[in-house]
Amino acid sequence: APGEGSAHVFTRGASWMHEDELHAPGATGGEAFGTSVSLIGDTALVGAPGDAAGGAAYLFERTAGQWGPPLRFESDKSLPDY
């Protein structure tokens, strides 16, 4: 869907190789998934600031060369704005 977004994962050996493309499950568009990405080893945290929940982040883990389904974290709307 337009505006859904994605995060592309590359690995480096003798040259850079495209490994995978990560997506937010059930995204319908406008989420802007992949606007921000943090990667440490086999763990990727991908932001989706346009998510209908008021923003969300997805935590992906790679096991045996495969990226598993993500854990989804939503903003807590009950907290006051600062």
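Modeller: Gladly; this is a predicted model, and below we go through its labels in turn.

Colleague: What makes up the secondary structure of the protein chain?

Modeller: The chain has zero helices and seven strands, so from the N terminus on it reads β-β-β-β-β-β-β. Buried residues account for 26% of its 82 residues.

Colleague: Where does Glu4 sit, and why is it said to have no salt bridge?

Modeller: Glu4 lies in the segment before strand S1 (7-12). A salt bridge needs a Lys or Arg side-chain nitrogen within 4 Å of a carboxyl oxygen. For Glu4, which is buried, the nearest side chain of opposite charge is Arg72, 12 Å away, and therefore no salt bridge is assigned.

Colleague: Then why is the pairing of Glu4 and His23 called a polar contact?

Modeller: Their side chains are joined at 3.3 Å, and the cut-off for such N or O pairs is 3.5 Å, so the pair qualifies. His23 is also among the residues that Glu4 touches, not counting those up to four places away in sequence; others include Ala24, Gly30 and Phe33.

Colleague: What makes Leu45, Leu71 and Phe73 a patch on the surface?

Modeller: Patch members need over 30% relative accessible area, and nonpolar side chains are joined within 5 Å, so these three are grouped as a nonpolar patch. Together they have about 280 Å² of accessible area. One of them, Leu71, is found in strand S7 (residues 71-74).

Colleague: How much accessible surface does the protein chain have?

Modeller: About 5,500 Å², with 56% of that belonging to carbon and sulfur atoms.

Technical notes: Residues numbered from 1 in each chain as written. Predicted model: local features only at pLDDT ≥ 70, side-chain atom pairs only at ≥ 80, totals over all residues. Heavy atoms only, no water. Patch = residues over 30% accessible without salt bridge, like charges linked within 9 Å, V, L, I, M, F, W, Y side chains within 5 Å. Areas by Shrake-Rupley, 256 points an atom, 1.4 Å probe, with all protein chains shown as cover. Helix = DSSP H or I, 4+ residues; strand = E, 2+ residues; numbered from the N terminus. Buried < 20%, exposed > 50% of the residue type's maximum accessible area, 1.4 Å probe, protein only. Lys, Arg positive; Asp, Glu negative; His and termini not counted. Polar contact = N/O pair within 3.5 Å; in protein donor to acceptor, adjacent residues only side chain to side chain. Contact = heavy atoms within 4.5 Å.
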